[in-house]
Amino acid sequence: MDSAQIYSSTLEQLNKTLVRLTSPEWDAKVQGAPPEQRQKALAELLRVQHARLVLANAALQEIADQLKANEQNLLDGQKSLQGELDKLATVEAVLKAVSSFVNVVARIVPLI
Amino acid sequence: MEHRDHIPVIGTSGSICRRGSLRPALSAVFFAGLLQIMGGCATARLTQFHNFAQAGTAYVKASQAVLDEAGTAAIEADSLIAQKGRDGLRTVDERREFIVGENQELRKRLLLLREIGRHGRLLQSYFETLAALADPKAPATLGTAAQGIFDSIGRLSPAIKNASLGGVKIQDHIPQAANFVVQAFKVKALENELKARSSDIEREIALQEAAFSVISSTLETDLIVKLQLEETEEVIEPFSTAKDLPRSWAVRREEILRARVAAASARAGQEAASKLRESFVALVENRLSEPSIAGIIAAINSMLDLTEEIKKATTSK
């Protein structure tokens, strides 16, 4: 994959994740979770939105090298995260996959 | 903002009417023009250029409304996410850092949307100048005016081409250049202008098309996110937990569900720009026809429908 494709697929995954994390289905799931997981779910929602905005505004030529260097981690992260978002089995498993993916994105663009 | 309540009628007089009256006005202008096009007289060519300029003006007004909605949707989605997720940030510093960072990123996006709008308005000025040039009595200075407008467009477009939005670089979405030959026109100033710049102008309309292709995917995500959060807060939560439902509940539910359908049709702007580009080529080749004009009208109406549906869902809370 070239860096433009990695960039687009990463951002597309962040978009899909945001859509899922704001869905009524996810909200119902989180409401039934323990307080600590609820708090973590809110924090991850903010991290995904922030990562999406920062990455969307980033100039591809400035992050091309970091994208290539993290290509495998990004691809693995996308696959694993999408799997969890499709299943929506447990809040904990989804949050773990989200957190892990956003951590890889944070190696490419500086996130708060 | 003007576009949230009114869509200006086509034409250059600057008059304003309610959105609902745009379609009949648009149709009347074009059908009047069509009669002359089919008449094949010398005036017909002049009318073609005037009609195209009016279509360009209508496109720019409608596209400006979509650009406004794209900016609004981005801000509203981000604000709803920030409000919902605020408790996920434990300290004052964390919250401050988050919101300052979001504001900074949103400003960058709004700046790009503004540049795309400016690029569209310059194209509109160019089309109006072209229509004026089609008049045999046009002053000689109009050619210089066209050159000046074109230079301004040329200065603005590299920044748009190199920009990314929603992970997609606008330059990568520019459609292939059309092959066309400028026809001979009786008004030599017009013919010279078209020979000098029509290929470049076709590329600039293609840039609008690419920009709207990219904007539509981002707009779609922002709208879906926003509407999902509103659905949870205003429809599902009250229904599940409130003792009595608010009187407006059913209306609001319908608005949100209908707006979700509109979100999926956010590609109307790209379609309208594409039709405008096709019509420009037809105009230059002196073959602007009824289907070309009908195509622009349909695409512009789709843009208007989209913004109307979105507005309904965002302004009646």
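1. Basis. The model is predicted, with local features needing pLDDT of at least 70 and side-chain atom pairs counting only at pLDDT 80 or more, while totals for chains, interfaces and linings use all residues. Residues are numbered from 1 along each chain as its sequence is written, and chains are lettered from A and ligands numbered from 1 in the order in which they are written.

2. Chain A overall. Chain A has six helices and zero strands (DSSP runs, H or I of at least four residues for helices and E of at least two for strands, numbered from the N terminus). The C-alpha trace spans about 45 × 25 × 20 Å along its principal axes.

3. Burial and contacts. In chain A, 38% of the 112 residues count as buried (20 or more other C-beta atoms within 10 Å of the residue's own; exposed is 12 or fewer, partly exposed in between; C-beta atoms are placed from the backbone). Of the chain A contacts with a separation of 6 or more, 85% join residues 24 or more positions apart (contact: C-beta atoms, placed from the backbone, within 7 Å).

4. Helix pair in chain A. The axes of α1(A) and helix α4 (residues 60-69) come within 9 Å and cross at roughly 90 degrees (lines fitted to C-alpha atoms, for helices over the stretch in contact, with angles from 0 to 180 degrees between N-to-C directions). The two helices are therefore roughly perpendicular (65 to 115 degrees; under 35 is roughly parallel, over 145 roughly antiparallel, the rest oblique). Ser3(A), Ala4(A), Ile6(A) and Tyr7(A) meet Leu60(A), Ala64(A), Leu67(A) and Lys68(A).

5. Asn15(A). This residue of helix α1 counts as buried because it has 22 C-beta neighbours inside 10 Å. Beyond four places in sequence, Asn15(A) is in contact with Arg52(A) and Thr221(B). Asn15(A) and Arg52(A) are 37 residues apart in sequence and 6.9 Å apart in space, C-alpha to C-alpha.

6. Core. The largest nonpolar core has 101 residues (buried Ala, Val, Leu, Ile, Met, Phe, Trp, Tyr and Cys joined through C-beta atoms within 7 Å). Helix α3 (residues 42-85) of chain B gives the most, 18 residues.

Definitions and conventions. Contact = placed C-beta atoms within 7 Å.
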